[in-house]
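This briefing covers one protein chain. The notes are grouped by topic, for reading beside the sequence and the 3D structure.

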Amino acid sequence: MPQLDTSTWFTTILSMILALFFMFQLKISNHSYPPNPSPKDTKLTEHKTPWEEKWTKIYLPLSLPLH
């Protein structure tokens with residue numbers, strides 16, 4: 001049974017890695033990114049909802065009379 005010739009594997013693998021690297025570099029360089037992303041304001045705003053203003057039996061089911 002003949003032996004497997006592995007003498008060219010290093011060259012093949014190295015050239016494949018270099019080709020993939022250059023392909024990814026070209027793909028990434030085609031994307032356009034925003035120049036300067038602005039920081040967002042992290043202040044929490046208070047929103048008043050109707051159920052915060054009043055408390056009714058609709059929102060307190062345990063206080064309903066048992067049947």
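Leucine 20 is partly exposed, as its relative accessible area is 37%. The model is predicted. Leucine 20 sits in helix 1, which covers residues 9-29, and is one of the residues of a nonpolar surface patch.

**Fold and annotation**

- The chain has two helices and zero strands.
- The UniProt record, an unreviewed entry, places a "transmembrane region" at residues 6-24.

**Exposure and surface**

- The chain counts 67 residues, and buried residues make up 0% of them.
- The nonpolar patch consists of Leu4, Trp9, Ile13, Met16, Ile17, Leu20, Met23, Phe24, Ile28 and Tyr33.
- Together these patch residues have about 1,100 Å² of accessible area.

**Aromatic contacts**

- The count of aromatic pairs comes to one.
- The pair joins phenylalanine 21 and phenylalanine 22, with ring centres 5.7 Å apart.
- The angle between the two ring planes is 65 degrees, so the pair counts as edge-to-face, a class that takes planes over 60 degrees apart.
- Phenylalanine 21 has 46% relative accessibility; it is therefore partly exposed, since exposed would require over 50%.

Methods. Residues numbered from 1 in each chain as written. Predicted model: local features only at pLDDT ≥ 70, side-chain atom pairs only at ≥ 80, totals over all residues. Heavy atoms only, no water. UniProt positions renumbered as here; feature names shortened; annotations may be inferred. Helix = DSSP H or I, 4+ residues; strand = E, 2+ residues; numbered from the N terminus. Buried < 20%, exposed > 50% of the residue type's maximum accessible area, 1.4 Å probe, protein only. Patch = residues over 30% accessible without salt bridge, like charges linked within 9 Å, V, L, I, M, F, W, Y side chains within 5 Å. Areas by Shrake-Rupley, 256 points an atom, 1.4 Å probe, with all protein chains shown as cover. Salt bridge = Lys/Arg side-chain N within 4 Å of Asp/Glu carboxyl O. Phe/Tyr/Trp six-rings, centres within 6.5 Å; stacked < 30°, edge-to-face > 60°.
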